[in-house]
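Hi,

Here is the structure I said I would pass on. Have a look at it first, and then read on for what I found.

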Amino acid sequence: MSSSTITLTDPLRDYMLSVSLREPDVLAQLRQETQDMEAAEMQLSPEQGQFMALLVQAIGARRCLEVGTFTGYSSLVVALALPEGGELVACDVSEEWTSVARRYWEKAGVAHKIDLRIGPATDTLAHMVEDADALGTFDFAFIDADKENYAAYVDYALQLLRPGGLIAIDNVLWGGRLLDENATDSSTEAIRALNKSLHQDERVDVSLVPIGDGVYLARKR
């Protein structure tokens with residue numbers, strides 16, 4: 001037992017990965033390719049990806065939603081965790097980055113599980129919630145896109161999720177910049193507002209997990 005969360009040093013993280021990470025080769029290859037690209041800092045860590053896969057499997061998810069795909073590591077993690085017949089709707093604005101994702105989805109044999117929708121996610125999600133048959137039919141949502149729209153993405157996701165469905169929101173610790181009073185840029189302020197709002201939101205049960213750059217979990221009541 002411990003009264004606080006342990007500080008994860010680099011050697012301790014290396015040990016943690018050595019005794020827990022089970023990363024398929026196709027995911028490792030995608031992660032390595034992304035590391036050499038511009039904006040590589042947007043890459044999901046392998047331990048966070050494995051954590052997400054476990055969440056998807058634990059809740060028996062069959063329909064998932066992703067806002068922010070980048071080169072596809074998170075979508076590939078989720079698609080591999082989904083059963084045959086499962087579906088992931090992935091939202092992104094970049095044809096360039098998602099072309100890498102598409103290549104790896106095909107390589108892993110899961111492209112048929114993924115419905116990629118290119119365009120502003122606010123527009124995509126607004127159209128989705130207009131379909132009454134889509135409401136309450138999703139099991140899991142992962143949000144990792146422009147921070148200014150995080151609150152809107154959460155509201156849309158809650159409409160699409162079934163009761164008991166789970167949202168995972170990335171980057172909610174924002175590299176610690178939330179504690180800097182001089183950090184008043186729009187992204188930082190949006191994350192501060194979202195964290196405060198989720199803490200008080202009676203529509204969900206919550207837990208903020210200090211993995212990666214912080215993942216806020218919200219379970220729809």
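Tyr73, Ser74, Ser75, Leu76, Val77, Val78, Ala79 and Ala81 are the buried residues of helix H4. That is eight of the nine residues of H4, so the helix is largely enclosed by the rest of the structure. Before you go further, keep in mind that this is a predicted model.

So what packs against H4? Let's start with H2. The axes of H2 and H4 (residues 73–81) cross at roughly 175 degrees and come within 10 Å. The two helices are therefore roughly antiparallel to each other, since angles over 145 degrees count that way. On the H2 side the contact is made by Val26, Leu27, Leu30 and Arg31, and they meet Tyr73, Leu76, Val77 and Leu80 in H4. Sorted by class, the contact of H2 with H4 has seven nonpolar residues, no polar ones and one charged.

H5 is next. H4 and H5 have their axes 10 Å apart and pack at an angle of about 25 degrees. That makes H4 roughly parallel to H5, because angles under 35 degrees count as roughly parallel. The crossing of H4 with H5 is right-handed. Here Ser75, Leu76 and Leu80 of H4 are in contact with Tyr104, Trp105 and Ala108 of H5. Five of the residues in this contact are nonpolar, one is polar and none is charged.

How do H2 and H5 pack? Helix H2 (residues 25–35) and helix H5 (residues 95–108) meet at an angle of about 165 degrees, with 10 Å between their axes. That makes H2 roughly antiparallel to H5. Their crossing is right-handed. From H2, the residues involved are Val26, Gln29, Leu30 and Glu33, and from H5 they are Val100, Arg103, Tyr104, Lys107 and Ala108. The contact of H2 with H5 splits into five nonpolar, one polar and three charged residues.

Now to another helix, H7 (residues 150–160). Its buried residues are Tyr150, Tyr153, Val154, Ala157, Leu158 and Leu160. They cover an arc of only 160 degrees around the axis, which puts them on the same side of H7.

Where does aspartate 139 sit, and is it buried or exposed? Aspartate 139 belongs to strand S4 (residues 138–143). With a relative accessible area of 9%, aspartate 139 is buried, as anything under 20% counts as buried. Leaving aside neighbours within four places in sequence, aspartate 139 is in contact with Ile59, Ala61, Arg62, Arg63, Leu161, Arg162, Gly165 and Leu166. Leucine 8, by contrast, is 131 residues away from aspartate 139 in sequence and 31 Å away in space, C-alpha to C-alpha.

Then there are two residues other than glycine with a positive phi. Phenylalanine 70 has phi near 55 degrees, a positive value. You will find phenylalanine 70 in the loop between strand S1 (63–67) and H4. Phenylalanine 70 is buried, at a relative accessible area of 9%.

Asparagine 171 has phi near 65 degrees, again a positive value in a residue other than glycine. Look for asparagine 171 in the loop between strand S5 (161–170) and helix H8 (186–200). The relative accessible area of asparagine 171 is 14%, and that residue is buried.

Cheers

Methods. Residues numbered from 1 in each chain as written. Predicted model: local features only at pLDDT ≥ 70, side-chain atom pairs only at ≥ 80, totals over all residues. Heavy atoms only, no water. Axes fitted to C-alpha atoms, helices over the stretch in contact; angles between N-to-C directions. Helix = DSSP H or I, 4+ residues; strand = E, 2+ residues; numbered from the N terminus. Parallel < 35°, antiparallel > 145°, perpendicular 65-115°, else oblique. Left-handed = near helix turned anticlockwise from the far one by under 90°. Contact = heavy atoms within 4.5 Å. Nonpolar A, V, L, I, M, F, W, Y, C, P; charged D, E, K, R; others polar. Buried < 20%, exposed > 50% of the residue type's maximum accessible area, 1.4 Å probe, protein only. Arc of directions from axis to C-beta.
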